[in-house]
Amino acid sequence: MQQTRLNTLLDRLGAGIQEQLKNPWRRLATLSIAVLFGIFLGLAVSSSAGQLGYLDILASSIVVIVAEVVSALFYGDRWKLRQTLFGEILNAVKFGLLYGLCLIAFLLGS
C-alpha cells in the first residue's frame with residue numbers, strides 16, 4: 001500500500017490511541033465502558049426480539065453461538081487475544097451481553 005498522507009495520519013492516530021491506552025486507569029475505563037455497552041446490547045437484543053414472539057429462539061441461539069465463538073477465540077492459544085486490548089474489550093462486551101440477558105430474565109421472573 002502506498003504511504004499517502006491519509007495512511008500516515010491514520011497510522012499516527014492508531015499509535016497515539018494505543019499509547020494512551022497503555023495507562024492502566026484508561027485501560028480499566030475502556031473495559032468498563034465495554035461491559036456497560038454489552039449490558040446495553042443485551043437489553044436491546046432482548047427487547048427487540050421480545051416484540052416479535054417468534055424471534056426469541058433465533059436471537060438466543062445467535063447470542064449463544066457468538067458468545068461461544070468469542071470464548072473460543074479469547075481462551076484459545078491460536079490467536080493470543082488475551083494479550084491484546086481488542087481481545088479484552090471483546091471479552092468484556094461478551095460478559096456484559098450475557099449479564100444483561102440474565103438481568104432481564106431475573107426481572108421478568110422467567
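Phe74 is buried in this predicted model. Its relative accessible area is 9%, which falls under the 20% limit for that class. Tyr75 counts as partly exposed, at 42% relative accessibility.

The rings of Phe74 and Tyr75 pair with each other. Their centres sit 4.9 Å apart. Their planes stand at 85°, so the pair is edge-to-face, because planes over 60 degrees apart are classed that way.

**Aromatic pairs**

How many aromatic pairs does the structure hold? There are two. The other one joins Phe37 and Phe40, and that pair is tilted. Both residues belong to helix H2 (residues 24-51). They are three residues apart, about one turn of the helix. Phe37 is partly exposed, with 44% relative accessibility. Phe40 counts as exposed, with 52%, because the exposed class begins over 50%.

| Pair | Centre to centre | Angle between planes | Class |
|---|---|---|---|
| Phe37 and Phe40 | 6.5 Å | 40° | tilted |
| Phe74 and Tyr75 | 4.9 Å | 85° | edge-to-face |

**H3 against H4**

Phe74 and Tyr75 are also part of the contact between H3 and H4. From H3, the contact takes in Val63, Ala67, Val70 and Ser71 as well. From H4, the partners include Gly87, Glu88, Leu90, Asn91 and Lys94. Phe95, Leu97, Leu98 and Leu101 complete the H4 side. What is the make-up of this contact by class? Ten residues are nonpolar, three are polar and two are charged.

Two packed helices are described by the angle between their axes and the distance between the axes. Here the axes of H3 and H4 come within 10 Å. They cross at roughly 145°. The crossing of H3 past H4 is left-handed.

**The loop between them**

Lys80 lies in the loop between H3 and H4. Its phi is near 55°. That is a positive value in a residue other than glycine. Is Lys80 buried or partly exposed? Lys80 counts as partly exposed, at 45% relative accessibility.

**Confidence**

The mean pLDDT of the protein is 90. Of its residues, 99% reach 70 or more. Which elements mark the lowest and highest mean pLDDT? Helix H3 (residues 56-75) has the lowest, at 91. Helix H4 (residues 85-108) has the highest, at 93. Where pLDDT is low, the predicted coordinates should not be read in detail.

Definitions and conventions:
Residues numbered from 1 in each chain as written. Predicted model: local features only at pLDDT ≥ 70, side-chain atom pairs only at ≥ 80, totals over all residues. Heavy atoms only, no water. pLDDT = per-residue confidence, 0-100. Helix = DSSP H or I, 4+ residues; strand = E, 2+ residues; numbered from the N terminus. Axes fitted to C-alpha atoms, helices over the stretch in contact; angles between N-to-C directions. Left-handed = near helix turned anticlockwise from the far one by under 90°. Contact = heavy atoms within 4.5 Å. Nonpolar A, V, L, I, M, F, W, Y, C, P; charged D, E, K, R; others polar. Phe/Tyr/Trp six-rings, centres within 6.5 Å; stacked < 30°, edge-to-face > 60°. Buried < 20%, exposed > 50% of the residue type's maximum accessible area, 1.4 Å probe, protein only.
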